[in-house]
Amino acid sequence: MNDYDALRDYLKKQSLPEFVLSFEAIEEIIGAALPRAAQRASWWDSLRSPQEKMPQREACLAGGYVATRLPDGNRVRFRRMK
């Protein structure tokens, strides 16, 4: 089990096509603090460097969503994949 399995499971249960979670909400879901790197948009971007396996990206994709960090730097938009 990796640190982001709980996020994957949470996303799989969602029915909305799009929603936003704060970093605090994500930390509650995963039961741990996000690393400082989570503040970088590229850390969430599942379309950038797809050959580079990142557990948080894999969890989002496995949950059926693409994640994008919002410009405010502390929230993430999840959009259901088509």
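**Helix packing and the nonpolar core**

In this predicted model, residues L7, R8, L11 and K12 of α1 meet A59, C60 and A62 of α4. The axes of the two helices, α1 and α4, lie 8 Å apart and form an angle of about 20 degrees. Angles under 35 degrees count as roughly parallel, and α1 and α4 are therefore roughly parallel to each other. The crossing in which α1 passes α4 is right-handed.

Attention may now turn to α1 itself. Its buried residues are D5, L7 and L11. Viewed down the axis of α1, these buried residues fall within an arc of 160 degrees, so they line one face of the helix. An α-helix has 3.6 residues a turn, so residues three or four places apart point the same way. The cover over the buried residues of α1 includes α4, and also β1, α2, β2 and β3.

In soluble globular proteins, nonpolar side chains tend to be buried together. Here the largest nonpolar core comprises 20 residues, and L34, W43, W44 and F78 are those with the most contacts inside it. At least two residues of this core come from each of the helices α1 (5-12), α2 (23-30), α3 (41-44) and α4 (55-62), and likewise from each of the strands β1 (18-22), β2 (65-69) and β3 (75-80). The element that gives the most to this core is α2, with 3 residues.

Which residues is L34 in contact with, leaving aside its neighbours within four places in sequence? They are Y4, F23, I26, E27, W43 and W44. Two of these partners, W43 and W44, are themselves listed with L34 among the residues with the most contacts inside the core.

Terms used:
Residues numbered from 1 in each chain as written. Predicted model: local features only at pLDDT ≥ 70, side-chain atom pairs only at ≥ 80, totals over all residues. Heavy atoms only, no water. Core = buried A, V, L, I, M, F, W, Y, C linked by side-chain atoms within 4.5 Å. Buried < 20%, exposed > 50% of the residue type's maximum accessible area, 1.4 Å probe, protein only. Helix = DSSP H or I, 4+ residues; strand = E, 2+ residues; numbered from the N terminus. Contact = heavy atoms within 4.5 Å. Arc of directions from axis to C-beta. Axes fitted to C-alpha atoms, helices over the stretch in contact; angles between N-to-C directions. Parallel < 35°, antiparallel > 145°, perpendicular 65-115°, else oblique. Left-handed = near helix turned anticlockwise from the far one by under 90°.
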